Amino acid sequence: MGDIIEQNQTPEPSEASQVDAFGAGKEPFSAAAVEVPSYTPRQTFRQLFRGDLGFIPVIITLAIVVIYFTIVTGGVFLYPENLSNLVGPQIGSVAILGLGSILVLLLGEIDLSVASVSVLCAVIMAILSERSGAPTWVAIGAALVSGALIGLINGFFVAVLRVPSFIVTLAGSIGYAGLLLHLLNGQATLPIRNPFIDAIAGSSQSFLPDSLGIGLPALGVILYAVGVIYGYVSRKRAGLRTISTTRLIVQIVLVAVLAVVSVGVLESEHGVPYTTALFVGLIILFWLILTKTSFGRHIYAVGGNAEAARRAGINVVGIRIAAFTLCSVLAAIGGIVAASYGNSVASQIDPTLLLNAIAAAVIGGVSLFGGRGSVWAIILGVLIIGGLINGLSLLSQGTDISEMVEGIVLLFAVTVDAVLRRLQARTGR
Amino acid sequence: MADSITPSVGAVSSPTFRGRPILQMRGITKSFGAVRALGGVDFEVYAGEVVALVGDNGAGKSTLVKTIAGVGPADSGEIFVDGMAVKITSPQMANRLGIETVYQDLALCDNLDVVSNLFLGHEELTPWRSLSEVPMEKRTLEVLRTLDVKIPSIRSLVASLSGGQRQSIAVAKSLLRKAKVVLLDEPTAALGVAQTRQVLNLILRLRDQGLGVVVISHNLADVFEVADRVIVLRLGKRVATFDVKNTTSEQVVAAITGAEFGELMSSGGNGASEGR
């Protein structure tokens, strides 16, 4: 990574001076009149992830986890069958819940009800499909609509009545857990036999055919490359400062390599699970929403300075309600995936589900203070948590050790967030 | 060029003040319960001039600015923008009339970059509803160049900018919205010497763009540097209007404190000792 930064640094001044000469000549304005190149801070790595320093410690943490477990397990950790286990369907649910949590965390709020909501929605789906014999789409649709309704309620209390989200969602978490017990009516486990629901994550066929498993990521990488190059060309044409061509190429190659490696690992075993495709698809969708639409920008603005956002004419209440609603809908999707994976819903909510979802987001670099972080954080966070659990179980350590380690890593991540934030503020003035 | 103390409205003290004011207020009153914060204040700004609004604490400066900004609408009185009678009942209304306020806290999102902050709430979109960054960046460069602002990059986070640069971004926001009148609340408070210089330069640039600029400040040195006229409020009344070209700061201090001008001069021009 170090040499990328170096490479990116050197071409910058020449690029800027080109713009200068160009702009001074025929453009009605020139970037160099405003942007003083000598002032350009060393932020190439940050720019790579749209202004977020949080990724460096996260990547280092992930590297430490991977290297440590590879060494102590004698390489077993990196075997494809283990890696595909690691990124397989069982973490899909946590990743989708975590993705929802990110939307709320970006506002500087928290949603403690995601786990309850996800199980409750799965229970609603299971009851409709198994007990009432409703069509599959009705059952799944009802789960999603329930998620949306719960999110609306959470959002209403937080945004309109200004009750702290911590309390609203804590109360919700307890209440919805009770509601699902009530709905299950004493049944501890409700098996799901609906073949469509089971096929989402819980059957031996829940994998994309190779053509799609390889084709979709390839298409994604091509679209990404086209998008980045199009952006580069249109900026160049507009006389704006652009990233260096070296960096452009490095960026595309990096994404392509990541895609090839992940797909390669999965394909060498069973193929790409539907769940993985689903959560990567959702992450890409929300990445586009957060970075390319005004709705997304307003979420960051509300998280950064709600008062400034309000004065800029942003509907702060609407943004908050929307984020809570999307979070709960994602929780419902996560619940459906988990129910499918287990071919059943249980009255008992896995106590680590909530912790892991929020911890994955925070460990991945999303700030608890709001306004900072990317949805890609969830992949890093899930990989770190998944890696810890997986690695420790390879060493036949139980959940006791893995939860203690996870706690330490979480504390470390939040500390890094708080310290970085202070450092940035200090250098800022 | 013009006469000394001119409490009259239509005083032509500089060539740019021709025609009717861009913003005019007549007989503005505002009470908070039994307290009369503004008792029939007249106020006017012309295009292309800087008006400093000064006064002691509790003189009614903030209250007056709030009535203009739409944050605390006036109880009674008339307001004209470009000669048209208007009612300003909300900040949005004020913005629509071309009145922008830069508050002391600047109202910037530290976690967003310069371009995002400038266009916050007014983003330009492509036909398929995604953010249209290239036109926004071009506009940003244009506006910042007009104001002669220098920053590392228009994509740097606002958190990484200096106090003066942040102030510039907040002001640029109003220029971008095609404001006719910009209100600046204590723009140089808490800034260092170089930063203050930068902001004063910015105010002059705004004036040169033909905007009416209203500056609220406690710092008379700054006021004398940029203002064309100084309007003094005391106890909710407009007590004096000065043309800075032929006014001394002692005169302004006297008007602010309500001390007799002669008394003040005889005490060696030290306004503070007589301040009552």
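**View 1. Surroundings of A:Ile378 in the predicted model.** Leaving aside residues up to four places away in sequence, A:Ile378 touches A:Ala95, A:Gly98, A:Leu99, A:Ile102, A:Ile283, A:Ala360, A:Ala361 and A:Gly364, where two residues are in contact if their C-beta atoms, placed from the backbone, lie within 7 Å. Because this is a predicted model, local features need pLDDT of at least 70 and side-chain atom pairs count only at pLDDT 80 or more, while totals for chains, interfaces and linings use all residues. Residues are numbered from 1 along each chain as its sequence is written, and chains are lettered from A, with ligands numbered from 1, in the order in which they are written.

**View 2. Chain A as a whole.** Chain A has 20 helices and two strands, which are DSSP runs (helices H or I, at least four residues; strands E, at least two) numbered from the N terminus. Of its 429 residues, 44% count as buried.

**View 3. Where chain B meets chain A.** In this contact, 36 residues of chain B meet 35 residues of chain A. Helix 2 (91-96) and helix 4 (133-146) of chain B each supply at least two residues of the side that touches chain A, and helix 4 gives the most, with seven residues.

Methods:
A residue is buried if 20 or more other C-beta atoms lie within 10 Å of its own, exposed if 12 or fewer, and partly exposed in between; C-beta atoms are placed from the backbone.
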